[in-house]
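Here are my notes on the aromatic rings, written for someone new to this. Have the structure open while you read.

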Amino acid sequence: SVIGLFVFFNPLLSDLFVGTWPILNRLLFAYGITAAALIVLGRAMDGQTFLGYAGAPLTLAVKLIAQFALLLLVTIEAGQFVDWLGIRDSGTLLVKFSAVIAVWLVVALAVDQYVRRRGNRRLLAYAWGYAALAAIAFIAAPMLLENPFLGRVLVGTTLVFNRLLMVYLLPCLMFAAIAARLGACPYLKERPSWPAAGFALLSLIAGFVWLSAQVRQAFQGPILYGGWTSDAELYTYSLVWLGYGLALLGLGVWQRSQPIRYASAAVVLMTVCKVFLIDAAGLTGLYRVASFLGLGISLIAIGYLYQRLLLKRR
């Protein structure tokens with residue numbers, strides 16, 4: 001029955017009608033009730049023996065199948081919700097991927113919060129499994145396959161309040177929350193910190209891409225791919241990137257976080273390289289003067305901040 005439900009009658013693999021309403025549809029009956037029944041069965045099987053043998057492998061299999069059913073439920077429901085909204089254009093697939101990523105991250109954070117309150121460490125693997133899937137999907141879809149910079153993908157016509165908020169800004173904030181929770185997780189003290197660093201890096205990249213995409217959308221419209229880059233747009237990239245680096249520096253000083261200050265230094269250094277390698281050759285007139293002047297003032301301010309605050313505190 002499970003094989004038939006997951007393979008032969010899977011809406012992701014065939015054109016099955018699942019209903020018109022989000023959440024309250026046939027998916028809830030097919031996968032939600034199945035997952036609930038398997039979870040109850042798995043709990044009833046804990047510590048039992050079958051035909052004189054330990055039932056742990058069979059119990060584990062039942063629990064894993066239940067989690068897979070839940071994964072299919074939230075994934076297909078997220079895509080069905082996008083269809084219910086009536087989004088039918090070149091950016092539909094990007095929006096669906098973003099909705100699925102957001103749902104997976106919400107599930108990861110919710111399960112982690114439940115583990116912290118209840119102390120059930122066995123559920124922690126499910127939480128970070130969803131987070132890892134979301135990270136892989138984010139790299140594969142919004143960053144590579146459906147990247148609006150690499151193809152004619154519609155991102156919206158409204159400034160700031162467009163699809164880029166869900167595609168890049170929401171994952172940026174949620175990856176940052178996951179990195180913070182991983183760094184403060186009481187169950188991971190003896191493990192290496194690279195998972196938290198990985199999610200923090202994804203958050204940094206997502207925020208950087210969101211700001212760059214917003215600048216591109218402001219000058220090019222709903223399609224980011226192609227188009228001629230004006231001096232004003234080229235200068236705005238430097239201005240926004242520098243502001244991003246300064247904002248990270250302020251956050252790092254406020255939180256007394258050395259990794260955030262390192263991230264700020266990386267963004268500022270990239271902005272410096274962009275100003276000297278691209279702006280110096282591409283910009284003309286006052287834009288070139290403003291680019292170098294703004295960079296110089298910002299670097300002086302950063303040096304003053306480190307000298308007066310960080311070194312004094314140390």
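1. A quick definition before we start: buried means under 20% relative accessible area, exposed means over 50%, and partly exposed is in between. Phe292 has a relative accessible area of 28%, so Phe292 counts as partly exposed. Keep in mind that this is a predicted model.

2. Now the rings. How many aromatic pairs does the structure hold? There are 9 aromatic pairs. Take Tyr237 and Trp241: their ring centres are 6.0 Å apart and their planes meet at 45°, so this pair is tilted.

3. Where do Tyr237 and Trp241 lie? Both belong to helix 8, which covers residues 231-255. They are 4 residues apart, or about one turn of the helix. Tyr237 is buried, at a relative accessible area of 10%, and Trp241 is buried too, at 13%.

4. Back to Phe292, this time with its partner. Phe276 and Phe292 make an edge-to-face aromatic pair, with 5.3 Å from centre to centre and 85° between the planes. This pair links distant parts of the chain: Phe276 sits in helix 9 (residues 258-282) and Phe292 in helix 10 (residues 286-313), 16 residues apart.

5. Trp241 has another neighbour to look up. The charged end of Lys274 sits over the Trp241 ring, 5.8 Å from the ring's centre.

Terms used: Residues numbered from 1 in each chain as written. Predicted model: local features only at pLDDT ≥ 70, side-chain atom pairs only at ≥ 80, totals over all residues. Heavy atoms only, no water. Phe/Tyr/Trp six-rings, centres within 6.5 Å; stacked < 30°, edge-to-face > 60°. Helix = DSSP H or I, 4+ residues; strand = E, 2+ residues; numbered from the N terminus. Buried < 20%, exposed > 50% of the residue type's maximum accessible area, 1.4 Å probe, protein only. Lys NZ or Arg CZ within 6 Å of the ring centre and 35° of its normal.
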